[in-house]
Amino acid sequence: MRKAFYASQSIYSEPGPYREALMLGGDAPELIARWISSFMQHPRGAESKERGFTTKQVIDLELRSVTEILAVAAERNLLEGDPTQIKVGGLCRDFAILAASAFRAKGIPARLRVGFADYIVPDFWEDHWLCEWHDGQHWKRLDMEFAAAGASFNTLDVPRERFLTANEAWFRIKDEPGIASRFGVSSLNLGGEWFVAGSLLREIAALRKLELKPWDYWGLSKDLSPVSTELSQQARTTLDQLASRLRSADVDGDGEPETTADWPLPKEVISFPQGEPVVVALQNS
């Protein structure tokens with residue numbers, strides 16, 4: 001298992017010159033979560049409600065790699081615990097990739113899972129990303145964003161019924177089309193089948209160790225929007241095939257799932273970091 005596909009760093013999880021700083025998080029998941037929360041702040045988290053979220057932190061949200069995130073944290077002296085500095089702004093994806101990087105640095109398999117959580121906003125499946133790590137026997141889903149703050153359930157091993165991966169959400173709304181609008185980003189009033197479709201593409205990229213940002217679109221998802229939500233039959237067929245591949249993927253194994261290994265990855269994405277579309281060229285292996 002130590003030599004598994006998910007035990008090595010990806011382009012974006014690679015800590016670069018900050019590997020030593022990354023190891024400060026310790027070995028236990030709860031310690032890693034506490035370490036990450038010591039220098040990272042979510043724009044819609046409890047801390048932001050108390051302290052606010054600055055323009056500089058909004059800019060931080062565009063940081064893609066662990067190296068970039070830790071560079072900013074080091075520049076602000078946050079890794080030394082300076083309480084006078086503002087924390088690095090980060091989304092659930094950023095909490096998750098930092099955790100994955102910490103596990104991989106120790107040779108422990110870890111990966112990001114893209115999906116929806118029912119415990120963030122009442123009666124809504126909120127767009128959310130977790131870090132999965134392998135304890136030698138099982139994959140466990142960690143919510144690094146909530147682990148340090150506490151929750152009514154075990155955030156270090158999130159129950160499967162509280163978090164649906166993108167492909168699970170896709171099949172859920174196929175069975176119950178009327179609930180599609182309850183999947184998305186509630187604070188931005190975004191939701192629906194088109195949003196879950198975009199998450200499918202981000203999920204397969206994450207399983208192939210290309211960890212995108214939550215607002216990245218590529219392939220057929222580039223044509224999706226809340227304005228034009230109707231999927232063509234060809235697009236729907238492709239998405240059904242993708243979701244089926246993800247559902248049948250050997251995600252309990254110790255290597256890259258065979259059913260996802262040949263799905264092409266993007267060299268660039270259409271990204272919406274500030275709400276307006278921009279083309280972003282990706283680092284890729």
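Reader: In the hairpin of strand 4 and strand 5, which residue in the turn has a positive phi?

Author: Happy to start there, with the reminder that this is a predicted model. Strand 4 and strand 5 (residues 139-142) run antiparallel and are joined by four bridges. Four residues lie between the two strands of this hairpin, and the one in the turn with a positive phi, about 105°, is Gly136.

Reader: Which residue of strand 5 does Glu132 stand opposite?

Author: Glu132 belongs to strand 4, where it also faces Arg111. Strand 4 is mostly covered, with eleven of its eleven residues buried. In strand 5, the residue opposite Glu132 is Arg141.

Reader: Which residues are linked with Glu132 in a network of salt bridges?

Author: Side chains of opposite charge can pair when their charged atoms come close. Glu132 stands opposite Arg111 and opposite Arg141 in strand 5. The network of salt bridges links Glu132 with Arg111, Arg113, Arg141 and Glu203.

Reader: How many bridges pair strand 3 with strand 4?

Author: These two strands form a hairpin with two residues between them. Strands of a sheet pair through backbone hydrogen bonds, either parallel or antiparallel. For strand 3 and strand 4 the sense is antiparallel, and the number of bridges is nine.

Reader: Is Asp123 buried or exposed?

Author: Asp123 sits in the loop between strand 3 and strand 4. Its phi is near 60°, a positive value in a residue other than glycine. Exposed means over 50% relative accessible area. With a relative accessible area of 59%, Asp123 is therefore exposed.

Reader: With which residue does Asp123 meet in a salt bridge?

Author: The partner lies in the loop between helix 8 and strand 7, 59 residues apart from Asp123, so to speak a link between distant parts of the chain. The N to O distance is 3.3 Å, and the residue is Arg182.

Reader: Which residue in strand 7 is the bridge partner of Trp125?

Author: Strand 4 and strand 7 run parallel and are joined by two bridges. Trp125 is also one member of an aromatic cluster that includes Phe116, Trp194 and Phe195. Its bridge partner in strand 7 is Phe183.

Reader: Where is Asn189 found?

Author: Asn189 has a positive phi of about 55° although it is not a glycine. Asn189 is exposed, with a relative accessible area of 71%. Its place is the loop between strand 7 and strand 8 (190-191).

Reader: Against which elements do the buried residues of helix 8 pack?

Author: In helix 8 (residues 166-175), the buried residues are Ala166, Asn167, Ala169, Trp170, Phe171 and Ile173. They pack against strand 3 (110-121), strand 6 (163-165), strand 7 (183-185), helix 9 (193-207) and helix 10 (233-248).

Reader: Why is helix 6 largely enclosed by the rest of the structure?

Author: At 1.5 Å a residue, the 14 residues of helix 6 (residues 92-105) should span 20 Å, and its end C-alpha atoms are 20 Å apart, which agrees. Helix 6 is followed by Gly107, whose phi is positive, near 80°. The helix counts as largely enclosed because the number of its 14 residues that are buried is 14.

Reader: With which residue does Arg76 form a salt bridge?

Author: The structure holds 18 salt bridges. In this one, the closest N and O atoms are 2.9 Å apart, and the partner of Arg76 is Asp60. The two are 16 residues apart, with Arg76 in the loop between helix 5 (66-75) and strand 2 (88-89) and its partner in helix 4 (residues 55-60). Both residues are buried, Arg76 as well as Asp60.

Reader: What is the order of the open sheet of three strands?

Author: Strand 9 (216-217) and strand 11 (278-281) are its edge strands, since each pairs on one side only. Two bridges join strand 9 to strand 10 (residues 268-271), where the partner of Tyr217 is Ile270. The pairing is antiparallel, and the order is 9-10-11.

Methods. Residues are numbered from 1 along each chain as its sequence is written. This is a predicted model: local features need pLDDT of at least 70, side-chain atom pairs count only at pLDDT 80 or more; totals for chains, interfaces and linings use all residues. Side-chain values use heavy atoms; hydrogens and water are left out. Buried means under 20% relative accessible area, exposed over 50%, partly exposed in between (1.4 Å probe, protein chains only). Contact means heavy atoms within 4.5 Å. A salt bridge is a side-chain nitrogen of Lys or Arg within 4 Å of a carboxyl oxygen of Asp or Glu. The expected span of a helix is 1.5 Å times one less than its number of residues. Two strands pair if DSSP finds at least two bridges between them. Rings of Phe, Tyr and Trp (its six-membered ring) pair if their centres lie within 6.5 Å; planes under 30 degrees apart count as stacked, over 60 as edge-to-face and the rest as tilted.
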